[in-house]
Amino acid sequence: MKLRAWTMLCCAIGLAACQSKSPQANQPQFLTQKIYHGPAQSYDFDLGSPVLRGELKLEKACSVAGSSLNITDQIQQQVRIDTINLHNHPQLGALSDDNLKALAPHILKLYQTKYQAKLQSSKLYQHPAGDLVIARLIREQSPIDILIVAKHQYTYILQLSSPLQTDNEETVRQRLITLLESLKIPGKAISGADSNLPISFD
C-alpha cells in the first residue's frame, strides 16, 4: 500500500477510535520509523523504538481525562502509554505536576486498583528529561513495570509487560528509559488538523 494511502487509513482509524467509547485495533504493521501522534499534541511516540520487535498491533482510546495507547509486538510484549490530564481527572484534579514524589503514590494507587495488583517497588530517579518514578506491580505473579513522568499538567505512564522481563533492576530501568526516549513531549502540531482530534501517523 502506498504511504499516502496508509497514512490516510491510519488517521481514519485513529479518529474513529477516539470517538468510540471502546478502543479499536488497527491492522498489524511492520516496524518502521513511523511516528504516532497522541491526543491534542500531548506527545509523539516513535514506533521504531528498539524495545519493540516485529509487527505491531495498536489499540487506542481517549477521553477528556486522558488517553491510552496499547502496543503489542510480534513477541507479545505489551507497551501501554497512558496520559492523564490532571485538570480533568476526578481523583487527581487537585494535584500538580511540579512534585512527582507527591503525585506518584496517587497514580500508583490508581493502577493497583485498576490491575488488582500489588506494589513491589517504587523509586524516584533524576533524568535529563526531568524527575521520573519507576515502579513494579505484581498481578497474578506477573510483573508490570511502570515509568511515570509529569509535564505540562499531564502525567505520562509508560507500562511494559514482556516475556523478556527480568528481576534485574538496572535492565528494567534501561528498557523503560529507552521507551521514554522514544516519547517526545509535547507532540508536534499536525498541519491542517484540529488540536482536539488526536490520533494520526507520519
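Visitor: Taking two strands as paired if DSSP finds at least two bridges between them, which residue in β5 does Lys 60 stand opposite?

Guide: Lys 60 stands opposite Leu 69 in β5. This is a predicted model, where local features need pLDDT of at least 70 and side-chain atom pairs count only at pLDDT 80 or more, while totals for chains, interfaces and linings use all residues. Residues are numbered from 1 along each chain as its sequence is written, and side-chain values use heavy atoms, with hydrogens and water left out.

Visitor: How many bridges join β4 to β5?

Guide: Seven bridges join β4 (residues 57–63) to β5 (residues 66–72), and the two strands run antiparallel. With two residues between them, β4 and β5 form a hairpin. Strands here are DSSP runs of E with at least two residues, and helices are runs of H or I with at least four, numbered from the N terminus.

Visitor: Changing topic, which residues of α2 are buried?

Guide: Leu 100, Leu 103, Ala 104, Ile 107, Leu 108, Tyr 111 and Tyr 115 are the buried residues of α2, where buried means under 20% relative accessible area, exposed over 50% and partly exposed in between (1.4 Å probe, protein chains only). Seen down the axis of α2, these residues fall within an arc of 135°, so they line one face of the helix; the arc is taken from the directions from the helix axis to the C-beta atoms. On the other side of α2, Lys 109 and Thr 113 are exposed.

Visitor: And what covers that buried side of α2?

Guide: The cover, judged by contact (heavy atoms within 4.5 Å), includes β6 (78–85), β7 (118–125), β8 (132–139), β9 (142–151) and β10 (154–161). After α2 comes Gln 116, whose phi is positive, near 50°.

Visitor: How many aromatic pairs turn up?

Guide: A search of the whole structure finds four, counting rings of Phe, Tyr and Trp (its six-membered ring) whose centres lie within 6.5 Å, with planes under 30 degrees apart called stacked, over 60 edge-to-face and the rest tilted. One of the four is the tilted pair of Tyr 154 and Tyr 156, at 6.1 Å centre to centre and 35° between the planes. Ring pairs link Tyr 36, Tyr 43, Tyr 154 and Tyr 156 into a cluster.

Visitor: Where does pLDDT stay under 50?

Guide: With pLDDT as the predictor's confidence in each residue, from 0 to 100, values stay under 50 over residues 1–32 and also over residues 193–200. The chain averages a pLDDT of 81, and 77% of the residues score at least 70. Where pLDDT is low, the predicted coordinates should not be read in detail.

Notes
Two strands pair if DSSP finds at least two bridges between them.
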